[in-house]
Amino acid sequence: MYTDYSYYKRENIIQLAVSGHYIDPVTLQRQELRKDFVSDINRHSKGHYIKTGIEYGWTDKLVTGTYISANWINRNKNELTISDFFIYDSTQSDSTLTALSTLDDSYTNLLGGAHIVYRFAEKGKWDTSFDYQLFNREDNQLLKSAFQTYIRPVIKDTLSGKTTNDIKIYTGQTNLNYELSAKVKLSTGLKTTFVNIGSKGIYKT
């Protein structure tokens, strides 16, 4: 019997300040429009990992076992960006765009199975096993923006989205092996696999 567990936690803080002119796509010359922006980005993530299993020999000929392996991961990001637009090297911005973006991701991965091994003869062995795998991901996104000029009212926009993706895999197999001689071995078996893939997304403005 065995068990293993681990946990991790991570945090990233990024601060950006960038200033640059737009480039004409045809002449590749610098345009008079300049954008200055600052961004504060915070990312957090944590995860759990566990693996456990047991194998037992009932007799010298019969052995059974089972195992489970899983991990859960959660990540989130908060990003605030404020962009100011300038014309003709002015010190007063012509307009301002404020954007707040949040993202929450969660992952679940699960693997499990069981097996039986039976030695019906000194040179003969039969084994069968079943395995299950689940891969799941959920995303929650939110984007809020506000655009303001000095001659028009503030224009606000909101976009939210939620997506879910999962993959389920079922596998079963059985094998028969027998050594006819030191140079000849007989092997036969069957294996089947079923895969189910699902995806769903909802977006709102």
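In which order do the seven strands of the open sheet lie, and is their pairing parallel or antiparallel?

**View 1. The open sheet of the predicted model.** The seven strands follow the order β1-β2-β3-β4-β5-β6-β7 with antiparallel pairing, where strands are DSSP runs of E of at least two residues, numbered from the N terminus, and two strands pair if DSSP finds at least two bridges between them. The edge strands, each pairing on one side only, are β1 (2-23) and β7 (185-204). From one strand to the next the twist averages 10°, with axes fitted as lines to C-alpha atoms and angles running from 0 to 180 degrees between N-to-C directions. This is a predicted model in which local features need pLDDT of at least 70 and side-chain atom pairs count only at pLDDT 80 or more, whereas totals for chains, interfaces and linings use all residues. Residues are numbered from 1 along each chain as its sequence is written, and side-chain values use heavy atoms, with hydrogens and water left out.

**View 2. The pairing of β1 with β2.** Strand β1 and strand β2 (residues 30-57) run antiparallel and are joined by 21 bridges. Within this pairing, Y5 has I50 of β2 as its bridge partner.

**View 3. The salt bridge between D105 and R137.** The closest N and O atoms of D105 and R137 are 3.8 Å apart, which meets the criterion for a salt bridge, a side-chain nitrogen of Lys or Arg within 4 Å of a carboxyl oxygen of Asp or Glu. The pair links distant parts of the chain, with D105 in strand β4 (residues 95-121) and R137 in strand β5 (residues 124-149), 32 residues apart. D105 is buried at a relative accessible area of 5%, while R137 is partly exposed at 31%; buried means under 20%, exposed over 50% and partly exposed in between, with a 1.4 Å probe and protein chains only. Through salt bridges that share partners, R75, D105, R137 and D139 are joined into one network.

**View 4. Two further salt bridges.** Among the five salt bridges of the structure is that of D36 with R34, whose side chains meet at 3.1 Å, N to O; R34 is buried, its relative accessible area being 15%. Another joins the side chains of E79 and K77 at 3.4 Å, N to O.

**View 5. The chain as the setting of these views.** Zero helices and seven strands make up the secondary structure of the chain. Along the principal axes, its C-alpha atoms fill a box of roughly 90 × 40 × 30 Å, and buried residues account for 19% of the 205 residues.

Technical notes
Helix = DSSP H or I, 4+ residues; strand = E, 2+ residues; numbered from the N terminus.
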